[in-house]
Amino acid sequence: WPNAANFNPASFVDALFQCHVYVGNGSSGQSITNNLDLSGKGGLVWLKGRDSTNDHHLFDTERGVTKYVKSSASSVEATDTDTLTAFNSNGFSLGADTDTNADGNKYVSWSFRKQPKFFDVLTYTGTGSARTISHSLGSVPGSIWVKCTSDGNNWAVYHRGVDSSAPEDYKLDLGTSDARTDNSSYWNDTAPTSSVFTVGNSGDTNANGETYVAYIFAHNNDDGGFGEPGDQDIIKCGSYTGTGAAGNQVDLGFEPQWLLTKSATLGQQWDITDTMRGMTADGAVQKIRTNNSAAE
C-alpha cells in the first residue's frame, strides 16, 4: 500500500465529501478546487456566507448550474447566472454574485458527491397521490430532504432517528426550528427501502404537477465498505437523548468532519459545525444554522 492499480478514490471520504472555506473575490471565474468529481459523478454543493447574512444556496447536478434552493426559506427554486457557474471534475466555479462570491467576504462550501452507501440526489414531478420514488443509494436511507422547486412549500426531512419506533410517521422542516410533525401525508407512514422511498399527498413532498428535488443520505452501520480495508463507515444518521449536562458523548466510530444536529422533540435550531471552521473538544465551536441567514 498504496498500489496505484488497486486504488479506488470512491472508497475514500476525501473523494466524496469536502468542507472548503474561501474568500470571495467579487469577479466571475473563481474556481474552488476540492478534488471532487462533480461534473462526472454528480452531487450537491451547499454555500453559505460566514461573516454576512446571506441565505444558504444549495446547487446540485440534477437541476444544473445557476439553479438553487435555500435551506433558510420555503421559496421556489431561483436562477442566477452569476452564482455557481460550473460543476468541474475537481470542484466548481463561481460568478460574481454577492451571496456566493462578494469581494473580501468569507464563505464555506459543503460538497457531497454521489456514491452508493453515501449520497444521492434526484428530481421528480408530483402526482398528488401516494407513490414510491426510486433512488440509487444502494442502501436504506438514513435521511431524506425534499424541497418543492416550483412552489413555495416547506422542506420535508425524513430522519431515521426522529422516532425510535416509526420515524416514517414524522417530518422535520430544514427551514424552521419546529419540532417533528406527525402526519401521514409526507411519507405515507412508509419506511424507505434500499431502492425506493414513499411520498404521500402533501404539497411539501408530492403535489400534483409540482417539481421536487430530493437529497438522500446514507446511514452506515458497520456496513459502509469504505476506506483502505474496505470495511469502514463514513456517514451516520443517528440520535441521542439529551442530559442537560456537559459530557454527553455520542460514539460514531470515526472522527466526523461535519455535524448537523436538531432536536426532534423541541423547537430548537438546526446547527452545523465542521472541522474547517472550528469543531474542537476543548473550545468554542463555530455554528451555522440551516433555518436562518445569520452569519456564523
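Start by selecting threonine 66, which sits in the loop between β4 (57-60) and β5 (67-68); strands here are DSSP runs of E, at least two residues long, numbered from the N terminus. Before going on, note that this is a predicted model, where local features need pLDDT of at least 70, side-chain atom pairs count only at pLDDT 80 or more, and totals for chains, interfaces and linings use all residues. Residues are numbered from 1 along each chain as its sequence is written, and side-chain values use heavy atoms, with hydrogens and water left out.

Check the backbone: phi of threonine 66 is near 70°, a positive value in a residue other than glycine. Most residues other than glycine have a negative phi. Threonine 66 counts as buried, at 12% relative accessibility (buried is under 20% relative accessible area, exposed over 50%, with a 1.4 Å probe and protein chains only).

Next, jump to aspartate 222, in the loop between β17 (211-218) and β18 (258-261). Its phi is positive too, near 60°. Buried or exposed? Aspartate 222 is exposed, at 70% relative accessible area.

Last stop: select Ile144, Tyr158, Glu168, Trp187, Thr190, Pro192, Phe197 and Thr198, which line the largest cavity. A cavity is a set of points on a 1 Å grid over the protein atoms alone where a 1.4 Å probe fits but cannot get out, and lining residues have an atom within 4 Å of a point. The structure holds 1 cavity of 30 Å³ or more, and about 40 Å³ of space lies in the largest, a volume being the space filled by probe spheres set on the points.

Definitions and conventions. 1 Å grid on protein atoms, 1.4 Å probe; cavity = no way out; pocket = protein on both sides within 12 Å on 5 of 7 lines; lining within 4 Å. Helix = DSSP H or I, 4+ residues; strand = E, 2+ residues; numbered from the N terminus.
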